[in-house]
Structures are given as structure tokens and as C-alpha cells.
Amino acid sequence: MNLNWNEIFVGELNISYITEIFIRTIIMFILVLVILRLSGKKGVRQLSLFEVAIIIALGSAAGDPMFNQENPILPSVIVFAIIIIIYRIITYFASKSEKFEDLVEGEPLYVIEEGQFVLGIKNDHTFAKDEFFAEMRQESIEHLGQVKTAILETTGNISFYYFSDEEVVYGLPVLPKAYNKKLTTIVYEDMYSCTYCGNSTLLQKGPNDCKRCNHNEWVKAIKTVRTI
Ligand SMILES: [Zn+2]
């Protein structure tokens, strides 16, 4: 294969083209800023899927005219205007109808209730357990039994509500060293947590099925209280 490296990396580049890229990029960048200001959004710490879609649409309309001599800027401005109109219309209807809002933005999802996973949550396509455990560790949560309620918000953030120290129950540990000691046959009687649903219970020697979800993989349960 005979690759033309000059075409891949340089192409038709010359001083006047570079100057044009410079001017085009500045104009497009300012336009994007103006459009984002017009959208009324305050910041972008967390975006819902709907907002990510808007950003992608804006980005692709903004990118091409920055360096493509065949793309004048005005068509992109029209695309911007249409995107902002769509955004405004959708957010207007979302503010009027909760059903419509759920359709566009998704719904908050209960993940933990009373120190256990909500049944069926592991089959939900929006739920990734590893990510969720990482989020719990970021909040210095040691096990599920410290958490009364956890809700996965539509922005991807997770809201945690904790048990008070006296209310903490036995729970599934989320620290990797403890969680990875999984057992299918219990060696000695103790409190164990189901790795699938987080149900914590006293188990006898031998194989045990979880009475809540019928899975049979266990980790030793812990009942430490939150230290911060
Ligand atoms: Zn279970």
C-alpha cells in the first residue's frame, strides 16, 4: 500500500488557508458560546441524555466550517437556530408535562431500599454495578447496610440517604478486597450478603440459595457504621 503521508497530515495547507482556519475557528467558537448562552443552561457539570444530544448536534454543526473551505458559516448558523428552537420547544413541553419530561430525560431510578438492591435492578440496562460500587466508595460507603435509599438520577448522579448509626444493618461490602471473597459454599455459620440482591442473612454450613432472589453467591456481611 502506498500511503500519501503528505495528503493525510498536510494536504492543501498554506498560509492563506491557515489564516482562514484561524478566522473561521474564532467566529464559530464565539457563535457556539452565544448559542449555549441562549439555551439558558447555567453550566455543564452533569448533562442529561437529551442535553448531550443537543451538544453533539451543536458540535458537529460547529466543527465543519472551522476548517472546511467548502463549508460557509451561514448554514451552520441556521442549524444552530433550529437546534435552539427545538431545545426551547422540548424544554417548554417538559416543564408542562411530567410524562413528556420522563420520556425525554428518563426517570430517577431507585437502586437501594432499606440496605438492599431493589429487585430486578441488576437487569435494568441503565444500571452498571461496578460504576455504582465506585460511586458508593466515592461517598465513603463501606457496605449496602449503611444506605437506606439510593436513587440514580437522570443526570447519572446518585443520591444517597443514610441510616443513622443505630439503624445500620448488615450489608454487602463494596470494597474490592472484601467483595471479591465470594463463596458458593458456606464454610462456617455467620452473616452473609447475597452478591446479586444485597440480602443479608444468617447462613448455615453448605450451599445456600438466597430466599429473596434465588442466586447462591455470598460474601461475608459487615455492619460497620459510617465514620464521616
Ligand atoms: Zn439475593
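Author: The C-alpha centres of domain 1 and domain 2 are 42 Å apart. This is a predicted model, where local features need pLDDT of at least 70, side-chain atom pairs count only at pLDDT 80 or more, and totals for chains, interfaces and linings use all residues. Residues are numbered from 1 along each chain as its sequence is written, and side-chain values use heavy atoms, with hydrogens and water left out.

Reader: What makes domain 1 and domain 2 domains, and where do they run?

Author: The bounds come from an automatic or database domain assignment, which gives 11-104 for domain 1 and 109-220 for domain 2.

Reader: Why is the contact between Glu-20 and Arg-24 called a salt bridge?

Author: A salt bridge needs a side-chain nitrogen of Lys or Arg within 4 Å of a carboxyl oxygen of Asp or Glu. For Glu-20 and Arg-24 the N to O distance is 2.8 Å, so the pair meets the definition.

Reader: Why is Arg-24 called buried?

Author: Buried means under 20% relative accessible area, exposed over 50%, and partly exposed in between (1.4 Å probe, protein chains only). Arg-24 has 10%, so Arg-24 is buried. Glu-20, at 27%, is therefore partly exposed.

Reader: What makes Glu-114 and Lys-148 a salt bridge, and which parts does the pair tie together?

Author: Their side chains meet at 3.0 Å, N to O. Glu-114 lies in the loop between β1 and β2 and Lys-148 in strand β3, so the pair ties together parts 34 residues apart in sequence. Strands here are DSSP runs (E, at least two residues), numbered from the N terminus.

Technical notes: Helix = DSSP H or I, 4+ residues; strand = E, 2+ residues; numbered from the N terminus.
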